[in-house]
Amino acid sequence: MSDRTMIRQVLLFILVLSLSSVHGQVSYSIPEEMAKGSLVGNIAQDLGLDIKRLKSGKARIYTGDSAEYIELNKERGVLLIKEKIDREALCRQTTPCALDFQMILENPMELYTVTIEIIDINDNAPSFGKSEMKFEISEIAGTGARFMLERAVDSDVGVNGLQTYSLKPTDHFALQLKNQPDGSKKVEMVLQKPIDREEQEHIKLVLTAMDGGEPQMSGTLQIHVTVQDANDNAPVFTQEIYKATVVENSPKGAVLTTVRASDADKGSNSLVTYSTSSGTAGVSDLFEIDRDSGELKLIGRIDYEKQKHYQIFIEAKDQGGLSDSSKIIIDVSDVNDNSPVINLISKSGSIPEDSRPNTVIAMMSVNDPDSESNGKVNCGINENIPFTIKSTSNAFYSLVTDSDLDRERASEYNISVTCSDEGVPSLSNSVTLTLRISDVNDNAPVFERTSYEAYIIENNTPGLSIFTVKARDADWNQNARVSYILEDSLVNGVPISSYLSVSADSGVIHALRSFDYEQIKDFQFRVKAQDGGSPPLSSNVTVKIMIQDQNDNAPQVLYPVQTGSSLVAEMVPRSADVGYLVTKVVAVDMDSGQNAWLSYKLQKATDRALFEVGLQNGEIRTIRQVNDKDAVKQRLTVVVEDNGQPSRSATVNVNVAVADSFPEVLSEFTDFTHDKEYNDNLTFYLVLALAVVSFLFIVSIIAILSVKCYRWRRERMFYKSNGNLPVIPYYPPLYADVGGTGTLGHVYNYNVCGTTDSRKSDMKYVRPYSQSIISLDGTQTLPHAQRDKLINDEGDNQQKPPNADWRFTQGQRPGPSGAGGPPEMVMGTGPWPNPPTEAEQLQALMAAANEVSEATATLGPGTMGLSTRYSPQFTLQHVPDYRQNVYIPGSTATLTSNPQQQQQQQQQQQQMLMQQQMATQHQTLQAQSSEAATQPEPPKAAQTPASKKKSTKKEKK
């Protein structure tokens, strides 16, 4: 193992120790070329972490700029292979090969270093840079002549790397290996038996390179030797090892060093040519040796960060084929050509303002590929901010709080992290972090004043807004939302909440009741302002409410006392001089200030020239000498008025007796009380009479208006009906229709005829048809035999005695006027009518009353009246059976099962209606022409076939 490899291992070990001492470290070993998704290790168990912590802390893998070969499964807490790992591509010849990365946790921030050692497997066979080599060796070459062979390269390391060589056949040449300081081997072919061109001009050899892996792998090189004639001196280098130094980023074509080899031969055999071996990978792309002069030139770009040392094997060969080998070691000098690279591993966008000092805000790694002072990095942040940056381990830094934070002073910080190396000139890099300070409820609300005073006039309206308290909170959002609360206290033994209320949002204080200055003049309470934080903070303030007086109390007279039962009088002797003090009116006002300033005035007096009242003191004094002519009884009315706006007043009556003795006064003042009572009673009666008269007047107006409206509505209704009044049928009380198959015993059909101007005239009714024949004097009913005879004479057919199958002609059937049918129409049979019900009797009484009221206007002398129509002598005999036809009272239609009979009835009804209309128009014209004459006769009923038939019956009778 070379010194270089040992140094790297020591540095990696120190780095692992430093990381583990600060954050915690775990290591794993895995072979290369593991399949994707293979298990590396249970990191949660190895670090003692809970899987919930991995989820809540948002655990993630940080690899910097390197490729991500490993992934974290937070559900299981294990590390898995993300990409297949090739140790040779990752570390080349460096051993041990370690893959370093960090696992980051947040809330709080934690960093764990994970080291995974990649174990080499034998997946690469040794290989040569050339497939064959050719040598020209003189036949006089002595035994022991050395010839350098191409070295094989194996990308594997350790036991899997290149282990040995073999050369076959071994008749003339043997293989010799020499260990080099860097751990490599120099391969030479040594002539151990003289060769003879005449015996064998061409010799073929095979060089085999083998590793120590399992299974063992190998590579071969073909060697062709051509035997030449005499060249007995081989070239010899002046130095066994050449050393050179080159600065990285040197320009192409720069000469690094010159090698020399001498040959003791003369002529062409002394000419030496130089060449390089291709055993070192990448050398031919960076360096070139001049074949003739031996100058080593730079043909590529040297980068210290990629490789710091190079070894070049060179060979000097003469024309006879003899050669010598040497080595050039090139050291690359570093130049400060790389700025520090800052990688943010984790950062917080915001932190609460109550965070403690040394709270981690961000973690970052800073790398500078340069070496020594050029690779030493120092990081700092901008000044005058409460943060600092600390180096936690090699190339890792943490940004932490340095002092207390206050969001109300600064709610956001822009932190610039600048990292610079120690090279000349120094190179630097910077990154800016924006950090917001989240609010914490650390400020209580503050009122705008230390105390408040407010004024309110008494007799205020409940709910009146008095004033507003205002508090501000320096916090933000919900923590700054202020609510106002009225603290509990008592005012005169009453809770303050019954006097006032405060709006929780606006702080407006409202009065809940009307205040009275005379009861309470001022009071104070406390209002608490509380924010919406958790826990909430609060402050309170004292508020004093002062009630302002209002002139709401009239003066009260204390003296003289006004009583209704007794009479008090002041005596003034007739010898009183000017200015004599009669009495003093004493009054008080419950108000205060100018509202309580009282002034006294004399409103009425029996003798105004005798007395006066003091404006301020209320003293009643005489203003002249009292004489004998002055009346004994003196009544003074004094008005006491305050100074409010508007002013209020009170009156007092003062009785003064101008006399020298008490009996004289008593005789004069006995009627004072009686006069007062009389005046009081008189006033009461006057007011009562005025109220009654007003009430009667209003009732009369309402009644008149109601009558007017009623008449107007009746006229409007008749106009709209165009004179067509509804027909009200009358159902006689004798019979009822049973099951809709029979008919009523008597039918009364009233046809109302009128014109549009007949609303003021009497209505005429057509007399109903009845089968009872009543005498004209209304006192006798004809016998049944005579009645049947008359009916049979008038009818077209003879009525047969009643039996189970009797028939009745259409002309003899009761019904509307002109509704008779032909005599040959076949009739049906039906049941006998039932006795009348109570409802039918009541209906008949109502119809009878209506006919009584109308009879005087429609029926002349000798006309059949109600008493004769429904006399006790009226009996039912020979009631016909109406089984075939059903008659609807009040209608001109007769329901029948014969269609021809229905058509004839409809035609007769139309003819009857036309006759009624013509008769009505004729009567209207006669009535208009006779209006200027004497009192008109009552209008006659319209002539209908039924009425004509009745007239004929009367004439016959």
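Arg 624 counts as partly exposed because its relative accessibility is 21%, where partly exposed covers the range between buried (under 20% relative accessible area) and exposed (over 50%), worked out with a 1.4 Å probe on protein chains only. Its partner in a salt bridge is Asp 630, and the closest N and O atoms of the two are 2.7 Å apart. A salt bridge here is a side-chain nitrogen of Lys or Arg within 4 Å of a carboxyl oxygen of Asp or Glu. Asp 630 has a relative accessible area of 8%, so it is buried.

Before going on, a word on what you are looking at. This is a predicted model, in which local features need pLDDT of at least 70 and side-chain atom pairs count only at pLDDT 80 or more, while totals for chains, interfaces and linings use all residues. Residues are numbered from 1 along each chain as its sequence is written, and side-chain values use heavy atoms, with hydrogens and water left out.

The structure holds 16 salt bridges, and two further ones are worth a visit. Lys 55 and Glu 75 form one of them, with 3.2 Å between the closest N and O atoms. This pair links distant parts of the chain, 20 residues apart: Lys 55 sits in helix H3 (residues 51-56), and Glu 75 in the loop between strand S4 (70-73) and strand S5 (78-81). Helices (H or I, at least four residues) and strands (E, at least two) are DSSP runs, numbered from the N terminus. Glu 75 counts as exposed because its relative accessibility is 56%, whereas Lys 55, at 44%, counts as partly exposed. In the other salt bridge, the side chains of Glu 619 and Arg 621 meet at 2.9 Å, N to O. Glu 619 is at 18% relative accessibility and therefore counts as buried, while Arg 621, at 30%, is partly exposed.

Now let us turn to the backbone. Most residues other than glycine have a negative phi, and most peptide bonds are trans. Against that background, the peptide bond from Asn 107 to Pro 108 is cis, with omega near 0°. You can find Pro 108 in the loop between strand S6 (97-105) and strand S7 (110-119). Another cis peptide bond runs from Lys 168 to Pro 169, with omega near -5°, and Pro 169 lies in the loop between strand S12 (162-168) and strand S13 (173-179).

Which residues have a positive phi without being glycine? Asn 358 is one of them, with a phi of about 70°, and its place is the loop between strand S27 (350-352) and strand S28 (360-367). Asn 492 has a positive phi too, near 55°. This asparagine, Asn 492, is found in the loop between strand S39 (490-491) and strand S40 (494-495), and counts as exposed because its relative accessibility is 61%.

Our last stop is a sheet. Four strands form an open sheet in the order S18-S25-S24-S21, with mixed pairing; two strands pair if DSSP finds at least two bridges between them. Strand S18 (241-247) and strand S21 (272-276) are its edge strands, each pairing on one side only. S21 pairs with strand S24 (residues 309-318) in the antiparallel sense over five bridges. Val 272, for instance, has Asp 318 in S24 as its bridge partner.
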